[in-house]
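Visitor: I'd like a quick tour of how to read the features in a model like this. Could you bring it up and walk me through it?

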Amino acid sequence: MLLSCECMSDIQESSEAQMTPVQRFGEGIADRVERWMPSPFLFAILLTYVAAVIAFLSEGAGATEIALSWYGGFWDLLDFAMQMVLILVTAFVVAYHPWVKGVIDRIVRLPNNGKQAVVVVGVGAMMVGWISWGLGLIFGAILAREMGKYAEQNGMQLHYPLVAVAGYLGMSLTWGWGMSSSAGLLQATEGNVFMEQGVVDTVIPATEWVFHPYPLMLTVLAIVYASICLYLLTPPGEYARGMSQYLSREEMNDGEEESSDDSSADADGDADVAADGGSQQADLADKESPNEGDMRPEEESSAPADKINNSKVIGGVLALTGVALFVRAFFVQGLDALDLNVLNFGFIMVGLILYTSPIDYLEEFYDAVHSSSGIILQFPFYAGIIGIMEGTGLVDTMTEFLLSIATPATFPVIAWITAGILNVFVPSAGGEWTIVGGPMMSAGAELGIPHGQTIAAYGVGDAHTNLLNPFWAIPLLAITGLRARDMFGYAITMMILLTPFLAIALYVVPY
């Protein structure tokens, strides 16, 4: 037995010697995170305690003040949370349409080996994430899952956790410079909170924070750099852990979004099934709470109500009208028409025109909301953390300190760091921006920094630390069947590898 252990140790050391320093770095972090990473919901609860302790130590806040601040902020993000959930759910519905699935099926056939596969998933997720963070997140998750299945079927050695991280990069890198930037869309909306406060006297159009050479150049550079990192980080074939090591054969062949957390929990006693994906509850809800579509008879009824429910004419006419209004807004106002409500309206109507049948569209929404349930639950808890940080003065202390050391040259870097720190505690770009956006834009204006540059620098800071906080990964976990701790070792590694690039790029690239 001792000889066997010694042989296994020698084999492991020999295999590790074949890995590059970057690959060993990624494997080392992944091993540790897999042992220690809590579920996303527990992560939110632990961060609540951390914020409370920091507020006590930094601001001298008492337990009662902290508790009241937490309670006072608990429901502050309801309006914004609904807008964010709509972005996610409508993108989910579009991403699961057969036409999109056909595109994904063609993409997964492009790579010839595991390294190429990881890069293809990453590039796809980052490009789509620039269009919409919700669409990029779901598209990247489905692409990662389908790539994993294709690799299993064709004998390709593929490291599935890293492929999942690649599918998450739209949400954790490029979306902050893209069309669905929360800070940008809020500033592009007439009558926004900072116009009411007098911080700015007009909207900041999309031509300043997305359709501008500065964020466009940063986006291209980031996609190239991240692709190189993914390629170098992919472990050699003998270290590749394929999809079959995380999902059963039945789960891999099931096209529905579901998590393997239940089988994982049986294996090692984990209790984080619901928080990592929420799919087990979704499956249970499917059985216990059927929606209108589930209650239809197998053979189409001739009842007028059923004909109305399935009428492609009724759904199609309304959808075409909505799409026409969406397009008209850009003809009238140009690219400046883009704001949060316009984006959501467009995705709702595009989804309806894809499915046309109202009842089919409703069923897709039903499934999408199930996969987003963990995010819906956790939003109030993160709003509570905002309440602690704002109510005790902690966020003001931190922001004032960081902005006080900024210079015209370093301001974009400081804005990136500020957003990154806040995002760990409150992974809601819009929620954070409503707190620090005013002071940040005022400080930037004093230093001669254009508002568009401030928004872009802040946006990527918020996106970057999504690689540490698993909140927005919940739908991806449900689709890929992974637990947070299975993939976040490589996510954290990517966050570290991206740090020097972002610091240099934000310092060097001119607006």
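**Salt bridges and surface patches**

Guide: Let's start with Asp105, which is partly exposed, with a relative accessible area of 26%. Buried means under 20% relative accessible area, exposed over 50%, and partly exposed in between (1.4 Å probe, protein chains only). Accessible areas come from the Shrake-Rupley method with a 1.4 Å probe, and for residues only the protein chains shown count as cover. Keep in mind that this is a predicted model, where local features need pLDDT of at least 70 and side-chain atom pairs count only at pLDDT 80 or more, while totals for chains, interfaces and linings use all residues. Residues are numbered from 1 along each chain as its sequence is written, and side-chain values use heavy atoms, with hydrogens and water left out.

Visitor: Which side chain does Asp105 meet in a salt bridge?

Guide: Side chains of opposite charge can pair when their charged atoms come close. The cut-off for a salt bridge is a side-chain nitrogen of Lys or Arg within 4 Å of a carboxyl oxygen of Asp or Glu. Here Asp105 pairs with Lys101 at 3.1 Å, N to O. Both sit in helix α6 (residues 98–107), four residues apart, about one turn of the helix. Helices are DSSP runs (H or I, at least four residues), numbered from the N terminus. Lys101 is partly exposed too, at 29% relative accessibility.

Visitor: What network are Lys101 and Asp105 linked in?

Guide: A network of salt bridges that also takes in Glu146 and Lys149. Lys149 and Glu146 meet at 3.6 Å, N to O, and both belong to helix α8 (residues 133–154), three residues apart. Lys149 is buried at 14% relative accessible area, and Glu146 is buried at 11%.

Visitor: How many salt bridges does the structure hold?

Guide: Five. One of them joins Arg241 and Glu27 (3.8 Å, N to O). Arg241 lies in the loop between α14 and α15 (249–253) and Glu27 in helix α2 (residues 21–36), so this pair ties together parts that are 214 residues apart in sequence. Both Arg241 and Glu27 are buried.

Visitor: Which residues form the nonpolar patch on the surface?

Guide: Patches take residues with over 30% relative accessible area and no salt bridge; like charges are joined within 9 Å, nonpolar side chains (Val, Leu, Ile, Met, Phe, Trp, Tyr) within 5 Å. In this case the patch is Val220, Val224, Ile228, Tyr231 and Leu232, with about 460 Å² of accessible area together. Val220 lies in helix α14 (residues 213–233) and is exposed, at 51%.

Methods: Helices (H or I, at least four residues) and strands (E, at least two) are DSSP runs, numbered from the N terminus.
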